[in-house]
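Here are my notes from going through the model, as numbered points. Have it open alongside as you read.

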Amino acid sequence: MNWTPNIFGRSRIYNDLSEEMLLHIEEKTEQLMSEGMSREEAERSARLAFGNRTVMEERSREVWQWPTLESIWGDVRLASRQLRKSPGFTIAAVCTLALAIGANAVVFGIMDGLVLRPLNVPQAESLYGTQYGDNPTWRSYPNFLDLRDRNRSFEELASFNFALGVAVDTGKDAVIANGFAATGNYFDVLRVHPYIGRFFHASDEHGPDSAPFVVLAYGYWHSRFQDDRSIVGGTVLLNKHPYTIIGVAPPGFQGTLMFVNPDFFMPIVNQDQLGSGYPTGRRDTAEIFEVFGHLKPGVTPAQAMADVDSVGTYLEKTYPKEIAHRSTILDREGLTSFTNGAHAFVAGLMLLAGLILLAACANLGSLFAARAADRSREVALRLALGSSRKRILRQLLTEAVLISLAGGTLGVLGSVVLLRRLSVWQPIAGAPIHLPVTPDAKLYWFALVLALASGFLFGIVPVRQVLRANPYEIVKAGSGARIGRRVTVRDVLLVVQIAICAVLVTSSMVAVRGLVRSLHSNFGFEPSNTMLSSVNLATAGYSGDQVPAMQRRMIDAMKTIHGVEAAGLVNGYPPLVYGAGTKESVFKEDAGDLKAANAAIMPYRYDISPGYFDAAGTSLLAGRSLSWHDDKNAPAVAVINREFAEKIFGSVTNAVGRNYKLQDGTRVQVVGVVENGKYQVLTENQEPAMFLSFLRSPLSWAYFVVRSKRDPQEIAAAMRAKIREVDTGLPADAQSWTSLLDTVLFPARVATMALGVLGMMGAVLSITGIFGMAAYSVSKRMRELGIRTALGAQRKEILQAALGRPLKLLAFGSAAGLLLGIFATKVLAFIVYQATPRDPLVLSGVVLAMLILGLIATWIPARRALSVNPLILLREE
Amino acid sequence: MPMTQNSARDLFPGALEMMVLESLRRQPAHGYALVQHIQQRSNNLLQVEEGSLYPALQRLLKAKLVKAEWGVSSTNRRVRTYEITGAGLRHLEQEISSFERMFEGISLVLAPGKATTR
């Protein structure tokens, strides 16, 4: 049916109708008058014969309307009028929901970005990869080649690694950038096509350093080269080596890790040239970050895993010295070994956000129930006048949905702002890490569904109340007639809500406490007063024997800075920086067959200079530290940590002077033992570690470690100046070790922050909940309280009468929440180091917090109850 | 006062529309005249609440079974005159025949002995 003219021509139709009816009554009146009635009489009978004109008009109009839609619209208008009449209630309800739905939308946005959305490449659903950490089966280039050629599950396998801290020199200036070193088939496996120019292919690789090509990421091309198309085909210097820019990747493509945006892509066969320290010919290195490819049609991930493992077993047999095979985990490409952690974290957040929404619904449900009770007279009147219960319920539900939609809209607006900021946020300065969150239609649908669902959820709370309402009783007795002595829905809701809030408060306290503790725990070094500076000599073209000599000169130069107590270096990353660490198999001295499976332990390996321990603040437990004489020509020596000593040699004192073997057969003598520490992440179990002399295995890239009590800013400036003094072409920066710990503390920080925010929201919700309940019960019982006061009740008794119930519910809910919270925080221990709920401080903190919340929330109602003036009150009734 | 409401309720759905269409088939009329006509023709047996005519007229208008036009009556009153359309005529015929069948069925059930077929 054509409805457009209906909408627009309707007012004319209605006007015609009204006029017609009036004329009808007029005609009838005149007719009756002509039959001899008086005007008054005639008018009266005409109206009577006509029937109820309003009803008739309404029914006539209905003909032109979509009946349900328009009566809903009528409900909406009535509801918004009702809500405008009580702005306090409306604002409180909308804000509560906005907070709760906003929190859910933000968490959903993060979940969507991290978990639901696949990598932005074609057919991402069949793209599977190994998880980082399968050390070292797949992590050397020759092993990768074997896996690529021997597996039967993947259409084609590619892999990549990081090319971090590379000096990109356009001829005008050299700027540090971070990229991926990828196998030649990387882009072909991913099925992406260049934005301009071309990509490198497998056919470009002809052994080490054979493919000096670089592909720019779109963002880097935009920011560094200002979208200049003419640079394709030109040359840049990467760490002083000439590379041809062959193409630019498409805008949406940001490599194969969701939270890392590389600046450029270069062939993996060339990475050794840039000083990565990973010659592609060795089988025992751990250079490759991930291996990935599309599964062949019909192959399940489980079958692929079994296939990959069988290749691993084959390799282990063939190269027993280099490989100790461990079973491989395959997963969707994009989140690597963070998959489980990210999923758990996001699931946890989603759960907590859901709890917040539930608490908000409980809160609003009880508010609505109270409102319905206050309006029971109105409802009764409407029932008595013939309104159907269905109609009244629909009215109440409309109000609820209206509020939930308003709250949802506000919440989504807030969450979009927050998500936009999150997506441009760089959590760790200097690292190309970002959160891939962009709000999209899915988010809006989610919020809409959530808003409607919660609207119905709290809207149906008063349903029973309305259905059971007996209009006769209520109109007769007045609204304050029944004061609930039994347990009402509202009581249950309040307890549920307080319990949820207590869970949130408990979790956030546990998280905060865990974070504080992990900041003050023993790392095995003292990050405070220690500065780190990452210098890659390859960026200035140093190589071979020049490297250690130059590094020694730089250490000596650092020592001359005023106020510096000690200086040293460590090859690659120091402990707890960017969560990186290298492990290596070691063998007992008498081990004959040095195959990887026979390894005694797998300690972290650090190649350090003399002075490192002093600079790092690591204390020596026995023996001596390394010296400048422990070089290539001297016998190999090592300092080990306590864990290593106890595991292999029984005790610290036993270890000094004893020997062990490295994979390559080198016999190493233990000359000293240092304290235990943390090496990769804070939550790790105690791991063994060994410290060898950097002089025996030089690497152009090292972190200089400098200890000083002077202001970090001053020292950093002095260090930069010294480095430039030694070689003006060296890009270098200096940061305190504490600030670099941010990376390892990042998960804990984020968890704590998220929990803190949710905990605060929980607290606010419980305050409003208890406040609402207490205020309502006081206002309902004003008359009773007045009579009690008049009869001589003491203040204490009044308070007990007015607030006993809310407080009892509060205590009950808090206890339940605390117990639940203790269970919940067991999950937290995976993210936050040393998060334990069995901490008296946390327990008493939660109890105190809930008490304070209760006090704040009942303060105003209590004041009102005490200020009852029986005279005024009784006169009013 | 006669309980007009009862008789109005007793009309089955569509009955009023049918009567309106039949009246209009004879000659176009405005609302008041229609009411008068129906009441007279039914010997005042059908005491329709006068106003209830209007929802019925609106339904007919919407279904394009009648059309309406403002004009001036013979008594010099401003009136809105309704006229049956072609579609209205066809609809009326269908309605009458289906009503007759129904009426026949009801009569047979109520008075099984007498065959009241025409």
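1. One convention before the rest: helices are DSSP runs of H or I with at least four residues, numbered from the N terminus. With that in hand, look at Gly650(A), which sits just after H19(A) and takes a positive phi of about 90°. Keep in mind throughout that this is a predicted model.

2. Staying with H19(A), which spans residues 642–649 of chain A, the buried residues are Arg642(A), Phe644(A), Ala645(A), Ile648(A) and Phe649(A). Around the helix axis they cover an arc of only 160°, which puts them on the same side of H19(A).

3. Ser376(A), Val379(A), Ala380(A) and Leu383(A) are its buried residues. Looking down the axis of H11(A), you find these within an arc of 100°, so they line one face of the helix.

4. Next, the packing of H5(A) (residues 87–116) on H12(A) (residues 389–424). Their axes are 6 Å apart and the packing angle is about 45°; the two helices are therefore oblique to each other. The crossing is right-handed. What does the contact look like by class? It has 14 nonpolar and nine polar residues, and no charged ones.

5. H5(A) also meets H13(A), residues 441–459. Here the axes come within 10 Å and cross at roughly 145°, again with H5(A) passing in a right-handed crossing. From H5(A) the contact takes Leu97(A), Ile101(A), Asn104(A), Ala105(A), Phe108(A), Gly109(A) and Asp112(A); from H13(A) it takes Lys442(A), Leu443(A), Phe446(A), Ala447(A), Leu450(A), Ala451(A) and Ser454(A). Nine of these residues are nonpolar, three polar and two charged.

6. Setting aside neighbours within four places in sequence, Leu157(A) is in contact with Leu147(A), Arg148(A), Asn151(A), Val291(A) and Gly293(A). Val189(A) is 32 residues away along the chain, yet its C-alpha atom is separated from that of Leu157(A) by 7.0 Å.

7. On to chain B. It has five helices and three strands, in the order α-α-β-α-α-β-β-α along the sequence. Of its 118 residues, 27% are buried. Among its contacts with a separation of 6 or more, 55% join residues 24 or more positions apart.

8. Last, the contact between the chains, which takes 17 residues from chain A and 15 from chain B. On the chain B side, helix H3 (31–41), helix H4 (53–62) and strand S3 (78–84) each supply at least two residues. H4(B) gives the largest share, with five residues. By class, the chain B side has seven charged, four polar and four nonpolar residues.

Methods: Residues are numbered from 1 along each chain as its sequence is written. Chains are lettered from A and ligands numbered from 1 in the order in which they are written. This is a predicted model: local features need pLDDT of at least 70, side-chain atom pairs count only at pLDDT 80 or more; totals for chains, interfaces and linings use all residues. A residue is buried if 20 or more other C-beta atoms lie within 10 Å of its own, exposed if 12 or fewer, and partly exposed in between; C-beta atoms are placed from the backbone. Two residues are in contact if their C-beta atoms, placed from the backbone, lie within 7 Å. Ala, Val, Leu, Ile, Met, Phe, Trp, Tyr, Cys and Pro count as nonpolar, Asp, Glu, Lys and Arg as charged, and the others, Gly among them, as polar. Axes are lines fitted to C-alpha atoms, for helices over the stretch in contact, and angles run from 0 to 180 degrees between N-to-C directions. Angles under 35 degrees count as roughly parallel, over 145 as roughly antiparallel, 65 to 115 as roughly perpendicular and the rest as oblique. A crossing is left-handed if the near helix is turned anticlockwise from the far one by less than a right angle, and right-handed if clockwise. The arc is that of the directions from the helix axis to the C-beta atoms.
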